[in-house]
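Me: I am new to this structure and would like to go through it slowly, one question at a time. Could we start from the record and then turn to single residues?

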Amino acid sequence: MANTVLHKADTRGFANHGWLQSHQSFSFANYYNPERIHFGALRVLNDDTVLGGGGFGKHPHDNMEIISIPLSGDLEHKDSMGNTAVIRNGDIQVMSAGTGIYHSEYNKDANEAVKFLQIWVFPNQRNVEPRYDQVTLDPADRHNKLQQVLSPNPDDAGVWVYQQAWFHLGEFDKGVSTTYQMKAEGDGVYVFVLKGDVKVNDQVVNTRDGFGIWNTGEFTITAESDAEFLLMEVPMEFKY
């Protein structure tokens with residue numbers, strides 16, 4: 001029988017720094033919950049809103065896979081590898097911090113807020129050469145089907161990371177259902193609902209809820225309303 005965990009949206013950590021409002025599914029910065037440190041190799045899932053002109057100044061990371069998924073607005077990225085780029089809704093950005101990287105992320109617009117998911121995944125290799133990538137996705141490819149946006153394979157769809165992880169986005173009309181097959185034994189999937197209501201097997205999951213499921217080879221996800229969601233498959237046991 002599958003193991004599951006439900007994280008309701010209103011039980012997430014919350015930080016309000018004025019320029020930043022951050023809802024945190026797992027312990028992060030000043031939010032600490034010993035029962036919510038990570039889900040397998042998924043370490044951070046922050047649902048961030050950055051006000052116009054605000055942003056994260058230059059700061060370091062190492063040995064972490066960092067993924068950003070803009071939900072609205074434009075986010076300007078700069079890093080110590082010389083990359084300068086703007087990502088917006090429809091894009092997905094990845095950094096392998098490896099031996100060390102400095103970067104900043106600012107709202108490109110002086111007036112409109114930018115909303116994005118900040119996701120950290122523990123890598124399966126330490127001290128790799130830092131790398132940056134971003135791709136533009138076609139939203140039509142997730143309408144009533146799952147769109148792969150991240151994998152461990154450089155030649156596969158979406159961006160890639162140093163971990164046996166697969167992310168998919170879905171935008172389902174009410175009543176549409178699909179069965180998700182785990183890619184690898186021992187993996188789990190963390191479902192994060194961006195909008196609407198879905199049912200994962202028999203569990204209803206609402207907007208901004210998170211639901212983890214593991215010790216199963218597959219599960220069914222059904223849209224109870226028009227819904228958008230992100231599936232994050234990661235190893236439940238990993239070496240870091």
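Predicted model: local features only at pLDDT ≥ 70, side-chain atom pairs only at ≥ 80, totals over all residues.

Me: Where does UniProt put the "Quercetin 2,3-dioxygenase C-terminal cupin" domain, and how far apart are its end C-alpha atoms?
Reply: According to the unreviewed UniProt entry, this domain covers residues 149–234. The chain over residues 149–234 is 0% helix and 59% strand. Its end C-alpha atoms are 14 Å apart.

Me: How many helices and strands does the chain have, and what is its radius of gyration?
Reply: The secondary structure of the chain amounts to 0 helices and 22 strands. For 240 residues the globule rule gives 18 Å, and the value for this chain is close to that, so the chain is as compact as a globular protein of that length. The radius of gyration is 17 Å.

Me: What share of the residues is buried, and what share of the contacts with a separation of 6 or more joins residues 24 or more positions apart?
Reply: Of the 240 residues in the chain, buried ones make up 52%. Among contacts with a separation of 6 or more, those between residues 24 or more positions apart have a share of 71%.

Me: How many positive and negative side chains are there, and how far apart are the centres of the two sets?
Reply: The chain carries 19 positive and 32 negative side chains. The centres of these two sets are separated by 3 Å.

Me: Which residues does UniProt list as "binding site", and what is the largest C-alpha distance in that group?
Reply: The unreviewed entry places this feature at H59, H61, H103 and E105. Although these residues are spread over 47 residues of sequence, they cluster in space, with a largest C-alpha distance of 13.2 Å.

Me: Is H103 buried or exposed, and which strand holds it?
Reply: A residue counts as buried under 20% relative accessible area, and H103, at 6% relative accessibility, is therefore buried. Beyond the residues up to four places away in sequence, H103 touches several others, including H59, H61 and H77. The strand that holds H103, residues 101–107, is β10.

Me: In which strand is E105 found, and is E105 buried or exposed?
Reply: E105 is found in strand β10. Leaving aside neighbours within four places in sequence, E105 is in contact with G55, F56, L75, E76, H77 and Q93. Because its relative accessible area is 4%, E105 is buried.

Me: Where does P152 lie, and how far is P152 from Y162 in space?
Reply: P152 lies in the loop between β13 (146–151) and β14 (159–160), and at 11% relative accessibility P152 counts as buried. P152 and Y162 are 10 residues apart in sequence, while in space their C-alpha atoms are separated by 6.2 Å.

Me: Which loop holds S25, and is S25 buried or exposed?
Reply: S25 sits in the loop between β3 (20–24) and β4 (42–50). Not counting residues up to four places away in sequence, S25 touches H7, R12, R36, L45, Y190 and F192. With 2% relative accessibility, S25 counts as buried.

Note on methods. Residues numbered from 1 in each chain as written. Heavy atoms only, no water. UniProt positions renumbered as here; feature names shortened; annotations may be inferred. Helix = DSSP H or I, 4+ residues; strand = E, 2+ residues; numbered from the N terminus. Rg over C-alpha atoms; globule rule 2.2 N^0.38 Å. Buried < 20%, exposed > 50% of the residue type's maximum accessible area, 1.4 Å probe, protein only. Contact = heavy atoms within 4.5 Å. Lys, Arg positive; Asp, Glu negative; His and termini not counted. Charge placed at Lys NZ, Arg CZ, Asp CG, Glu CD.
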